[in-house]
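Here is a short tour of one protein model, with its sequence and coordinates alongside. Keep the viewer open and follow along from heading to heading.

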Amino acid sequence: MFHRPSQHKDFGVFLPVANGGWIISKTAPVLDGLYETNRAAAVKADEVGMDFVMSMGKFRGFGGETDHWGTALESVTMMAGIAEATKTVKIWATIHPLLQNPAVAAKMIATLDHISGGRAGLNIVAGAYRGEFDQMGAWDDSLTHDDRYALTEEWTTIVKRLWSEDSVDFDGKYFQMKDCQSKPKPMSKPRPDLVCAGMSDRGFQFSVREADICFIGGRTPDERRDASLRAKRAAEGMGKTIKTFAMCTVVHGDTDAEAQAKVEHYKDGADMGAILAMLESWGVPAEKLSTVAKAQGAFMTHTVVGSPQTCSAQIEEYLRYCELDGLMMIFPDYVEGLTMFGAEILPGLRAVFS
């Protein structure tokens with residue numbers, strides 16, 4: 001029998017490292033993507049007892065009236081500041097193997113681990129949107145989708161070895177190391193957490209084999225459940241276990257009606273220019289863009305809506321139905337949302353999933 005999710009669930013925060021966060025709307029609360037906004041969200045997450053905070057790596061936005069994700073801080077350096085500002089929450093940063101030599105990346109995350117006192121983690125993003133990387137001359141047309149994962153496998157192998165071995169020799173297709181050394185080693189035992197979000201067959205193989213946590217997606221709860229179970233079955237075939245996490249946006253109000261009114265307000269302000277550019281970057285065919293954009297709307301993730309009690313019930317159902325081990329939470333207003341979540345939702349979820 002493949003690994004079922006543990007009774008304990010992890011709850012973290014996807015920091016608003018890029019402007020606009022995860023609601024593409026002209027009428028949503030303003031998130032500027034700058035340090036003070038991210039620091040305030042991380043400090044509040046730490047105060048209320050969240051398990052982790054994570055920031056993505058983003059280098060080009062989607063335009064539109066809001067210039068969605070056009071302003072973004074670099075993940076690792078920002079998280080070093082977050083590490084100093086927090087006490088117990090885990091600190092997960094993002095690195096693209098296409099952009100960083102593995103020896104440099106290993107040193108960066110080891111440094112973050114020491115700054116945080118052993119709380120660092122690494123989110124590995126093997127793929128990329130061509131336009132984002134092509135602008136800096138970092139897109140290699142000779143690499144197929146599977147090639148990028150083969151490169152990332154070599155990269156990850158080297159990073160892991162540098163975290164545990166005194167000297168690394170490696171002669172691969174994409175990387176060569178000669179008596180490569182990296183000290184100090186990370187403080188985390190056995191090593192910093194590794195997370196990945198590959199959804200293709202090749203991406204799943206990589207994530208399940210190399211990572212500790214696989215972020216899964218899907219357009220519906222059924223698709224997310226299938227992805228979660230697929231990851232766990234793949235792990236069983238490899239003789240290991242894997243945790244599956246998903247994203248979840250929380251829109252709350254004092255009443256269900258008040259929360260739903262917020263949702264409709266954000267939907268009314270949907271930045272269709274940015275949404276179309278985002279879908280195009282995802283590879284949606286031109287002839288389908290308009291239809292898919294209307295269906296997509298302003299919200300980028302699964303969303304729970306209602307009073308705190310209603311949101312809590314929806315979150316519990318989501319975790320159980322999709323057989324997830326954790327959620328990465330998103331809020332229209334992070335400090336307000338996390339304050340509510342920590343006071344009115346998290347204690348109940350901890351009691352249920354203890």
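## Charges over rings

A charge is said to sit over a ring if NZ of Lys or CZ of Arg is within 6 Å of the ring centre and within 35 degrees of the ring normal. By that rule, Arg 230 lies over the face of Phe 204, at 3.9 Å from the ring centre. Another such contact involves Arg 225, whose charged end sits over the ring of Tyr 321, 5.2 Å from its centre.

A word on the model itself: it is predicted, so local features need pLDDT of at least 70 and side-chain atom pairs count only at pLDDT 80 or more, while totals for chains, interfaces and linings use all residues. Residues are numbered from 1 along each chain as its sequence is written, and side-chain values use heavy atoms, with hydrogens and water left out.

## Strand E7 and its neighbours

Helices (H or I, at least four residues) and strands (E, at least two) are DSSP runs, numbered from the N terminus. Two strands pair if DSSP finds at least two bridges between them. Strand E7 (residues 193–196) runs parallel to strand E4 (residues 120–124), with four bridges joining them; here Asp 193 is the bridge partner of Gly 121. E7 is also joined to strand E8 (residues 213–215), again in parallel, by two bridges, and Val 195 stands opposite Ile 213 in E8. From E7 the chain passes through helix H6 (residues 201–210) to reach E8, a β-α-β crossover that is right-handed (with the strands pointing away from the viewer, the path from the first strand over the helix to the second runs clockwise).

In a regular strand the side chains alternate between the two faces of the sheet.

## Aromatic pairs

Rings of Phe, Tyr and Trp (its six-membered ring) pair if their centres lie within 6.5 Å; planes under 30 degrees apart count as stacked, over 60 as edge-to-face and the rest as tilted. The count comes to 13 aromatic pairs. One of them, Phe 52 with Trp 92, is stacked, at 4.1 Å centre to centre and 15° between the planes. This pair links distant parts of the chain, 40 residues apart: Phe 52 is in strand E2 (residues 52–54) and Trp 92 in strand E3 (residues 90–95). Phe 52 counts as buried because its relative accessibility is 1%, and Trp 92 does so at 2%.

Phe 215 and Phe 245 make an edge-to-face pair, 5.7 Å centre to centre with 85° between the planes. Phe 215 lies in strand E8 and Phe 245 in strand E9 (residues 243–252), so the pair ties together parts that are 30 residues apart in sequence. Both Phe 215 and Phe 245 are buried. Elsewhere, Phe 11, Phe 331, Tyr 334 and Phe 341 form one aromatic cluster.

On a 1 Å grid over the protein atoms alone, a cavity is a set of points where a 1.4 Å probe fits but cannot get out, and a pocket is an open set with protein on both sides within 12 Å along at least five of seven lines; lining residues have an atom within 4 Å of a point. Grid points are joined across faces, edges and corners, and a volume is the space filled by probe spheres set on the points.

The second largest pocket holds about 170 Å³ of space. Its lining includes Lys 58, Arg 60, Tyr 129 and Glu 280, and helix H4 (130–134) and helix H9 (272–281) each supply at least two lining residues. Two cavities of 30 Å³ or more turn up in the whole structure. The largest cavity has about 50 Å³ of space, and among the residues lining it are Trp 22, Ile 23, Phe 331 and Tyr 334.

Most residues other than glycine have a negative phi, and most peptide bonds are trans. A cis peptide bond joins Lys 183 and Pro 184, with omega about 5°, and another joins Lys 189 and Pro 190, with omega about 0°.

Asp 67 has a positive phi near 50°, and Trp 69 one of about 65°. The loop between E2 and H2 holds Asp 67 and Trp 69. Is Trp 69 buried or exposed? Trp 69 counts as buried because its relative accessibility is 8%, whereas Asp 67, at 37%, counts as partly exposed.

Terms used:
Buried < 20%, exposed > 50% of the residue type's maximum accessible area, 1.4 Å probe, protein only.
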